[in-house]
Amino acid sequence: MQIAKVTAIPMSAPVPNERRHRTDLGTKVKSDATLIRVETDSGLTGIGAALGSPPIVAAIVEHELSAEVVGEDPMFSERIYEKMYNGSRSTPALQRGVAQADESRRRGVIMEAIAGVDIAVWDVKSQALGIPLYQALGAVRRAVRGYASGGWAPGDAAEAELAGYAAKGFTAAKMRVVGRDGFSIAKCVRRVEAARRGLGRDVELMVDAHGSLEVATAIKLARELEPFDIAWFEEPVSPDDHAGQAEVRRSTTIPIASGEREFTRFDFQDLLERRALDIAQPDVARAGGMTEIRRIAALTSAHGVRLAPHAWGSAVLFAASIHVAMAAPNCHILEVSQGYMPMMWELFNEPFDIRDGLVHAPERPGLGFTVRADALDKFRYVAGPEFEF
Ligand SMILES: [Mg+2]
């Protein structure tokens, strides 16, 4: 079997006016994704998805990655990943056994495009094997705990919002440190207090700062939140300040989580060496696809760090994240977005199986999902940024 064609399709889902709201990231006016298709000469087609600006991802796939992947056997998924990562130096890199990344491919949107192609290669490979993708990776479970990822409500309204997630059956829920009422330590503590009332003592509660605080404020906030039994404090400081994150971790009893904006095992290696985190959150569509996230899972497990994959995007990204969760022994929980995301819930013919707080693995071959006939028309790409300020 050979890969015959690789294509990238930019997609968007505009957010209707009445669903728009301002957060620390700005006002979200649309969601973007790039659907990747890997077609083979045997008639099988795999799908993947990439984060990053869709027209740029599409240009990278078309002008750079496609030529490197066409003609390869999808069973050689490690070789295909290394070929994309090492670029023109892939032959000496594999002969010498030394990674020799192409200058521009180590991080950023090119790595996001590589991740998208890699997911599609794994989809087609496991379809050819006739087994679900997570079993091709090496299965460890058929279901994993999911956590409700939301929590934007201001002030005491956080109580009802978080209680709603528990009522859906979730045994863990995450809220944003910056609510719709903006940020101060007092405002955040009030919202967390309300959220804890809404959840009771038995549902885990996590908080996420999106890397928006400076070290001193993050430490002060963490200490104020310690009485509320927080399961993790996510991205307390900028992802470019690993040393600062380690400082926050040393200053609080709350476990520290991060990783959604990191690329490849090399970024995680730095976080681990600095002892900056307790829970790693690589995004399969950013960190390097199935091939690289599996290496990240193994690396983090050697440091006693658990895996909670970041999953915020299209249905393809969520499906890929499910397979990661089913195959990584140190994965304990998976993010289930509670935001407005039609590309997560209306892209596939088959629904996701989420019951009683558990996300269940699809049992069909490959990724296990097919794109709806009307989806490409419905999610036609719209130019412009995802956030307005
Ligand atoms: Mg986050």
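**Entry 1: a strand and its neighbours**

I looked up strand β8 (residues 204-208) and found four of its five residues buried, where buried requires 20 or more other C-beta atoms within 10 Å of the residue's own, the C-beta atoms being placed from the backbone. The model is predicted: local features need pLDDT of at least 70, side-chain atom pairs count only at pLDDT 80 or more, and totals for chains, interfaces and linings use all residues. Residues are numbered from 1 along each chain as its sequence is written. Strands are DSSP runs of E with at least two residues, helices runs of H or I with at least four, both numbered from the N terminus.

I then checked pairing, which takes at least two DSSP bridges between two strands. β8 runs parallel to β7 (residues 172-176), with five bridges, and K174 stands opposite M206. Helix α7 (residues 185-199) carries the chain from β7 to β8 in a right-handed β-α-β crossover (clockwise from the first strand over the helix to the second, with the strands pointing away from the viewer).

On β9 (residues 230-234), I noted four bridges to β8, again parallel. M206 stands opposite W232 there. The unit of β8, helix α8 (residues 215-225) and β9 is also right-handed.

**Entry 2: the domains**

I read domain 1 as 3-130 and domain 2 as 137-360, bounds that come from an automatic or database domain assignment. Their C-alpha centres lie 24 Å apart. The contact (C-beta atoms, placed from the backbone, within 7 Å) takes 30 residues from domain 1 and 28 residues from domain 2.

Definitions and conventions
Contact = placed C-beta atoms within 7 Å. Buried ≥ 20, exposed ≤ 12 C-beta atoms within 10 Å, placed from the backbone.
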